[in-house]
Amino acid sequence: GENVEQHPSTLSVQEGDSAVIKCTYSDSASNYFPWYKQELGKGPQLIIDIRSNVGEKKDQRIAVTLNKTAKHFSLHITETQPEDSAVYFCAARNYGQNFVFGPGTRLSVLP
Amino acid sequence: DAGITQSPRYKITETGRQVTLMCHQTWSHSYMFWYRQDLGHGLRLIYYSAAADITDKGEVPDGYVVSRSKTENFPLTLESATRSQTSVYFCASSSGTGRTTEAFFGQGTRLTVV
């Protein structure tokens with residue numbers, strides 16, 4: 001089955017700096033890769049996603065890149081702000097319609 | 001209320017008791033999922049359902065039972081709760097139109113088994 005790895009597990013950056021979180025997946029059949037942000041006491045919320053026929057997608061300060069050959073995708077947050085502090089999860093979706101999640105990255109943006 | 005709701009938000013139960021966590025969505029999404037979230041393990045799939053009366057096991061199904069008689073509801077039952085089932089449980093739903101649609105999560109149920 002699908003396996004998703006995510007690094008780093010924790011990340012601290014200064015406000016205004018960039019943050020990068022990387023994920024790898026194992027199943028070449030996966031074709032949808034969402035990123036979720038989870039704030040304390042809340043359920044995960046989608047922040048950006050990318051499909052297998054696209055190499056990069058950007059939404060304001062957030063971007064995601066996908067390398068299907070290498071089976072990895074990354075989340076890039078520029079000009080980080082304190083409200084970006086949260087746990088971020090990557091996921092991959094396969095033919096079975098299941099989402100397989102990475103273990104999460106705790107991002108802290110220091111003022 | 002529109003969206004996906006879980007109840008209760010918090011539950012404390014004793015070892016050996018049966019407990020049911022409720023999940024309701026108003027979008028008529030085909031797919032529904034139950035995940036548990038534990039420190040160091042991220043989100044692990046317990047069960048999922050592709051449509052009413054269709055359910056299948058995920059990564060960690062032992063000790064859990066699900067049913068889906070109506071599209072909008074997907075209850076999760078712990079038949080005989082154990083301390084290892086102390087966790088935060090998230091329900092999610094997703095449209096069935098293709099494989100490339102996001103999952104929407106509920107607010108979670110924090111379950112403590114004592």
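Glu79(A) sits in the loop between strand E8 (72-77) and E9 of chain A. Its phi is positive, about 45°, although Glu79(A) is not a glycine. The model is predicted. Below are the contact between the two chains, then some backbone details.

**The contact between chains A and B**
- Chain A and chain B bury about 1,800 Å² between them. Carbon and sulfur atoms carry 52% of that area.
- On the side of chain A that touches chain B, at least two residues each come from strand E4 (32-38), strand E5 (45-51), strand E9 (86-93) and strand E10 (99-101) of chain A.
- E4(A) gives the most to this side, with three residues.
- By type, this side of chain A has nine nonpolar, nine polar and three charged residues.
- The contact takes 21 residues from chain A and 22 residues from chain B.
- Six residue pairs are in polar contact between chain A and chain B. The count of salt bridges between them is zero.

**Cis peptide bonds**
- In chain A, the bond from His7(A) to Pro8(A) is cis, with omega near -5°. Pro8(A) lies in the loop between strand E1 (4-7) and strand E2 (10-14) of chain A.
- In chain B, the bond from Ser7(B) to Pro8(B) is cis, with omega near -5°. Pro8(B) is in the loop between strand E1 (4-7) and strand E2 (10-13) of chain B.

**Positive phi angles**
- Glu79(A) counts as exposed because its relative accessibility is 52%, and the cut-off is over 50%.
- Asp53(B) has a positive phi of about 70° and is not a glycine. Its loop runs between strand E5 (42-51) and strand E6 (54-57) of chain B.
- Asp53(B) has a relative accessible area of 65%, so it is exposed.

Methods. Residues are numbered from 1 along each chain as its sequence is written. Chains are lettered from A and ligands numbered from 1 in the order in which they are written. This is a predicted model: local features need pLDDT of at least 70, side-chain atom pairs count only at pLDDT 80 or more; totals for chains, interfaces and linings use all residues. Side-chain values use heavy atoms; hydrogens and water are left out. Contact means heavy atoms within 4.5 Å. Buried area is the accessible area (1.4 Å probe) that two parts lose on being put together, summed over both. A salt bridge is a side-chain nitrogen of Lys or Arg within 4 Å of a carboxyl oxygen of Asp or Glu. A polar contact is a pair of N or O atoms within 3.5 Å; within protein, one must be able to donate a hydrogen and the other to accept it, and residues adjacent in sequence count only if both atoms are side-chain atoms. Helices (H or I, at least four residues) and strands (E, at least two) are DSSP runs, numbered from the N terminus. Ala, Val, Leu, Ile, Met, Phe, Trp, Tyr, Cys and Pro count as nonpolar, Asp, Glu, Lys and Arg as charged, and the others, Gly among them, as polar. Buried means under 20% relative accessible area, exposed over 50%, partly exposed in between (1.4 Å probe, protein chains only).
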